[in-house]
Each structure stands twice: as C-alpha cells, then as structure tokens.
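I opened my notebook to look up a handful of places in this model. Here are my entries, in the order I made them.

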Amino acid sequence: MKIGNINIKHPLFLAPMSGVTDQPFRIICKKFGASVVYTEFVSADGIIRENVKTLNMVKFEEMERPIGVQIFGNDPDTVCDSAFSIYSKFKPDIIDINFGCPVPKVTKKGGGSAALKNLKLMQEIAEKTVKAVPDIPVTVKMRAGWDYNNIIIKDAGVLLEESGIKAITLHARTSKQMYKGEANWELIGDLKNTVKNIPIIGNGDITSVDDYKKITEISNCDGVMIGRGCLGNPWIFRDILNFLKSNEIKKTTMNEIIETCNEHVYLLKKFKNDKVVINLSKKHLSYYLKGFKDSSLYRKEVMRSETIEEIEKVIANII
Ligand SMILES: Cc1cc2nc3c(=O)[nH]c(=O)nc-3n(C[C@H](O)[C@H](O)[C@H](O)COP(=O)(O)O)c2cc1C
C-alpha cells in the first residue's frame, strides 16, 4: 500500500488520540507493529502563534517514521500556513487534516467535524493544504457526516480525491454520535466503492484480530486505524501482523505486560516532567493492569502512588 510516494509496510495505523498518542505511546505501538503513527491533533492557530506546548506535541524521533502530524482549524489560510510551518520545522512524512473531531469546543469555531456541514470549506482547506506542502502527502481523517440524515461520504470522498488528498481515514460514526453506538463499517465500504484511486483506511471499534477480519471483509478497506483498542494492548498490532503472516496469534505473556509497563514509564521519564510522568503512568497502567490475577489490586496501588518510584515499585512487585 502507498500513500502518495510513501510505501506503507503493513496496513496498520495508530489513530491520533489527544492526550494519548504522545511520543512514548507512539514508540511502543511502533515497536509492536503499527506501520504509521499519528501525533495528537494540534491546533493550526497554535502552530502559527508558535505556542511552545503545541510545537512540542509535533516533536518525534526518526524511528517513528512514517509519521503523520494531524492539524485542525477552521480557516483555510491558517491551516495551510500551519502545514507549511510544520513541514519546514519538523519534516514529518504526512500531514493529516482533522475533519472528524466532534467536540463542541472545536466544532463551534468551525473546526474538526464542522467541515462535514460545509463541504466548500472542507474543499478549500484540503486544496490549500495540499498546495502548501507539495513534497509530502496530505491525508484526511473524517466522520461519515454530521448526523445520520446528512451522510456526506460520497460527496466528500470525490471532492477530497479531486483536491489532491492522498488517503482518507473514515471513523464510521457521525459527529452527533460522538462515541456512542457501534461504528457502521458498511459506510467505509461505501467510501471505498466511491473513491477508487487513493487508499481508504477504516476506523472505529477494532479491538481484536476478529474485528480486523470483519472490517476488511465488510468494507474492503486498504488499511485499518486502531485507537482505543490499543490502549493497554499495543500487542493488537503484533497480533494482526501475525495473523496476516502466518495465521497464528501469540498470547501476550505476563512478562511482556510487565516489560511494557516498565518501558512506558521509562519513555515518559525521558520526555516529560515528573508530574506528567505520574499522571500519564497512572492513565496507561490502569489499562495495562487488567484481566490477570490481582490486577485490580495493583491498579489501586498505582492510583494511590504519589511518586514515580512508588509506581515503579508496584510494577516490580507484580508476580
Ligand atoms: C482519548 C481520545 C482522543 C482522541 N483524539 C483524537 C484526535 O486528536 N484526532 C482525531 O482525529 N481523532 C481523535 N480521536 C478519535 C480516534 O482517533 C478514533 O477515530 C476513534 O476513537 C474511533 O476509533 P477506535 O474505536 O479505534 O477508538 C480520539 C479518541 C479518543 C478516545
């Protein structure tokens, strides 16, 4: 599979997730087989204003490549200028435009999934951004429409392809749904049947190899993007890869869980300050420490911890 001129080794993408897909988590998912990873979404305005926090969210290591930086915004000139600025400063492999965020704070200002109600704006943002970064592919991540009475997959698909977008990820829900109900993978099939010349990446509710099989059967999508399904389970990428290569799935061992907890805390310490390390360790460990004997006790101990050392001690004591 190719996105523009980039060869994608395996059709497995880590979804952009605000507050989650920072460098440590991306590195871990990459290690377990995510072919392409994305940053958390960054505000086009923040990039233009050179907000330090926003710029820090774009930083990545060479081993993360191919990596996409995702931007959101409502003004075509700001979005395209921010894409150019990101390209000039960081040289990512892909710029991705967010047309999927349903959060009112973003959509009220016309950003994220608000573009699903204004295809002219969507087109202008896409066209200008493609022109601003001619050396790398621009992709789009979107939802199926604002609500079920306004599914715009086919119109948006044609228009985005014409605008020079090099791949579309469809989170198969509407904006109104937020995260409720099931993702409707048939909608991804509708997009795939409409848009013939660029890859379509299916997203929404993939939490197992079985889901991978089903979504690809139902939609014939070229690749899949996994979000919540890899929280505490980055091995999902390895499991799907193993299924694709040999049809065999390796069970995650207790040692691997402990090693990954340690590595995650180590990477957090490498990139973040102590307070953030503690908060993010608690967040991620509460996902890793599930489904084995006494896991809820370890989880509680992590939550009670006040220092990084205490958290590391809990991990060291897991039997
Ligand atoms: C905590 C969280 C943060 C998210 N942040 C983003 C984001 O920054 N950009 C984006 O396009 N989607 C974002 N999403 C949506 C996911 O990328 C994905 O489309 C959605 O969760 C459905 O896929 P899943 O069922 O595999 O999680 C976020 C989702 C979650 C749960």
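I took helices (H or I, at least four residues) and strands (E, at least two) as DSSP runs, numbered from the N terminus. The model is predicted, so I kept to its limits: local features need pLDDT of at least 70, side-chain atom pairs count only at pLDDT 80 or more, and totals for chains, interfaces and linings use all residues. Residues are numbered from 1 along each chain as its sequence is written, and side-chain values use heavy atoms, with hydrogens and water left out.

**Entry 1: helix α14**

I started with α14, residues 308-316, and asked which of its residues are buried. I found Ile308, Ile311, Val314 and Ile315. Seen down the axis of α14, these fall within an arc of 120°, so they line one face of the helix; the arc is that of the directions from the helix axis to the C-beta atoms. On the face turned away from the buried side I noted the exposed residues Glu309, Lys313 and Ala316. The buried residues pack against α11 (254-271), α12 (274-288) and α13 (295-304), where contact means heavy atoms within 4.5 Å.

**Entry 2: helix α7**

Next I turned to α7, residues 153-162, where Ile153, Ala156, Gly157, Leu159 and Leu160 are buried. Their cover includes β7 (94-99), α6, β8, β9 (168-171) and α8. After α7 comes Gly164, and I read its phi as positive, near 95°.

**Entry 3: Thr139**

I looked up Thr139 in strand β8, residues 138-143. Is it buried or exposed? Thr139 is buried, with a relative accessible area of 1%. Leaving out residues up to four places away in sequence, I listed what Thr139 touches: Ile3, Tyr38, Ile94, Ile95, Asp96, Ile97, Ile165, Lys166 and Ala167.

**Entry 4: two exposed loop residues**

Asp135 sits in the loop between α6 (119-132) and β8. Its relative accessible area is 53%, so I put Asp135 down as exposed. Asp135 touches Asn5 and Tyr87, again not counting residues up to four places away in sequence. Tyr87 is 48 residues from Asp135 along the chain, and their C-alpha atoms are separated by 9.1 Å.

I then checked Asn197, in the loop between α8 (185-194) and β10 (200-203). At 66% relative accessibility, Asn197 is exposed too. What does its side chain join by a polar contact of 3.2 Å? I found the side chain of Glu161 there. A polar contact is a pair of N or O atoms within 3.5 Å; within protein, one must be able to donate a hydrogen and the other to accept it, and residues adjacent in sequence count only if both atoms are side-chain atoms. I also took the C-alpha separation of Asn197 and Asn150, 47 residues apart along the chain, and got 25 Å.

**Entry 5: backbone geometry**

A reminder to myself: most residues other than glycine have a negative phi, and most peptide bonds are trans. With that in mind I noted a cis peptide bond between Arg65 and Pro66, with omega about -5°. Pro66 is in the loop between α3 (52-56) and β6 (67-72).

Asn220 has a positive phi of about 60° although it is not a glycine. I placed Asn220 in the loop between α9 and β11 (223-226), and at 52% relative accessibility it counts as exposed.

Asp205 has a positive phi as well, near 70°. Asp205 lies in the loop between β10 and α9 (209-219) and is partly exposed, at 25% relative accessible area.

**Entry 6: the ligand**

Asp205 came up again here. Which of the 16 residues around the ligand come nearest? They are Ser18, Lys141, Asn203, Asp205 and Arg228; a residue is near a molecule or strand if one of its heavy atoms lies within 4 Å of it.

A ligand nitrogen is 2.7 Å from a polar backbone atom of Ser18. A ligand oxygen is 3.4 Å from a side-chain N or O atom of His171. An oxygen atom of the ligand is 2.8 Å from a polar backbone atom of Gly227.

Terms used:
Buried < 20%, exposed > 50% of the residue type's maximum accessible area, 1.4 Å probe, protein only.
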